[in-house]
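User: I have a new structure open and would like a plain walk through it. Can we start with the overall layout and then go into details?

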Amino acid sequence: RGGSGSGGPPSFADFDLDGDGRTIESEFIEARGERIRQRAGQGRAMRGLGNIMEFDALDRDGDAGISADEFAEAMRQHRMEHRPK
């Protein structure tokens, strides 16, 4: 898992807990909570926590799962919308 350990942006693998190439809502919530706990335990705040994306915003096709492509596109759009001006 790339993002969580490095402290950088999360990767799709950080949320695909069972490695099946698809993230369901329970995996997403579990992984997001763990990421927040880890960073808090390290004394590091998560910048932009108020702008955190919800599962439904990532599940662009509404099939109750997030693919790697959906995740990448949502993260790209999120970065564009929240980059420093």
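Analyst: A term first: helices (H or I, at least four residues) and strands (E, at least two) are DSSP runs, numbered from the N terminus. From the N terminus on, the elements of this protein follow the order α-α-β-α-α-β-α. Please keep in mind that this is a predicted model.

User: How many helices and strands does the protein have?

Analyst: There are 5 helices and 2 strands.

User: And what share of the residues is buried?

Analyst: Of the 85 residues in the protein, 31% are buried.

User: Which residues are in the largest nonpolar core?

Analyst: The core has 11 residues: Phe-12, Phe-15, Phe-28, Ala-31, Met-53, Phe-55, Leu-58, Ile-66, Phe-71, Ala-74 and Met-75. At least two of its residues come from each of α2 (12-15), α3 (25-41), α4 (55-58) and α5 (68-82).

User: Which helix gives the most to this core?

Analyst: That is α5, with 3 residues. As general background, nonpolar side chains tend to be buried together in soluble globular proteins.

User: Pick Leu-58. What is it in contact with, leaving aside neighbours within four places in sequence?

Analyst: Leu-58 is in contact with Phe-28, Met-53, Ile-66, Glu-70, Phe-71 and Ala-74, once those neighbours are left aside.

User: Switching to charges. How many salt bridges are there?

Analyst: The count comes to 4 salt bridges. In one of them, the side chains of Arg-22 and Asp-63 meet at 3.9 Å, N to O. Arg-22 is in strand β1 (residues 22-23) and Asp-63 is in the loop between α4 and β2, so this pair ties together parts that are 41 residues apart in sequence.

User: Are those two buried or partly exposed?

Analyst: Arg-22 is partly exposed, with a relative accessible area of 32%. Asp-63 is partly exposed as well, at 37%.

User: What does Arg-32 pair with?

Analyst: Arg-32 forms a salt bridge with Glu-54, at 3.6 Å from N to O. The two are 22 residues apart and link distant parts of the chain, with Arg-32 in helix α3 and Glu-54 in the loop between α3 and α4. Arg-32 counts as buried because its relative accessibility is 17% and the cut-off for buried is under 20%. Glu-54 is partly exposed, with a relative accessible area of 45%.

User: Where do Arg-37 and Glu-34 lie?

Analyst: Both are in helix α3, 3 residues apart, which is about one turn of the helix. Glu-34 is partly exposed, with a relative accessible area of 35%.

User: Now Glu-27. Which element is it in?

Analyst: Glu-27 is in helix α3. Glu-27 is buried yet has no salt bridge, and the nearest side chain of opposite charge, that of Arg-22, is 7.3 Å away.

User: What does the side chain of Glu-27 reach, then?

Analyst: It reaches the backbone nitrogen of Leu-17, at 3.0 Å. Leaving aside neighbours within four places in sequence, Glu-27 is in contact with Phe-15, Asp-16, Leu-17, Asp-18 and Arg-22.

User: Next, Glu-73. Where is it found?

Analyst: Glu-73 is in helix α5 and counts as partly exposed at 32% relative accessibility. Its side chain makes a polar contact with the side chain of Arg-76, at 2.7 Å.

User: And how are Glu-73 and Arg-60 separated?

Analyst: They are 13 residues apart along the chain, and their C-alpha atoms are separated by 9.3 Å.

User: Last one: what is the phi of Ala-64?

Analyst: Ala-64 has a positive phi of about 70 degrees, although it is not a glycine. Ala-64 is in the loop between α4 and β2 (66-67). At 46% relative accessibility, Ala-64 counts as partly exposed.

Definitions and conventions:
Residues are numbered from 1 along each chain as its sequence is written. This is a predicted model: local features need pLDDT of at least 70, side-chain atom pairs count only at pLDDT 80 or more; totals for chains, interfaces and linings use all residues. Side-chain values use heavy atoms; hydrogens and water are left out. A nonpolar core is a set of buried Ala, Val, Leu, Ile, Met, Phe, Trp, Tyr and Cys residues joined through side-chain atoms within 4.5 Å. Buried means under 20% relative accessible area, exposed over 50%, partly exposed in between (1.4 Å probe, protein chains only). Contact means heavy atoms within 4.5 Å. Lys and Arg count as positive and Asp and Glu as negative; His and the chain ends are not counted. A polar contact is a pair of N or O atoms within 3.5 Å; within protein, one must be able to donate a hydrogen and the other to accept it, and residues adjacent in sequence count only if both atoms are side-chain atoms.
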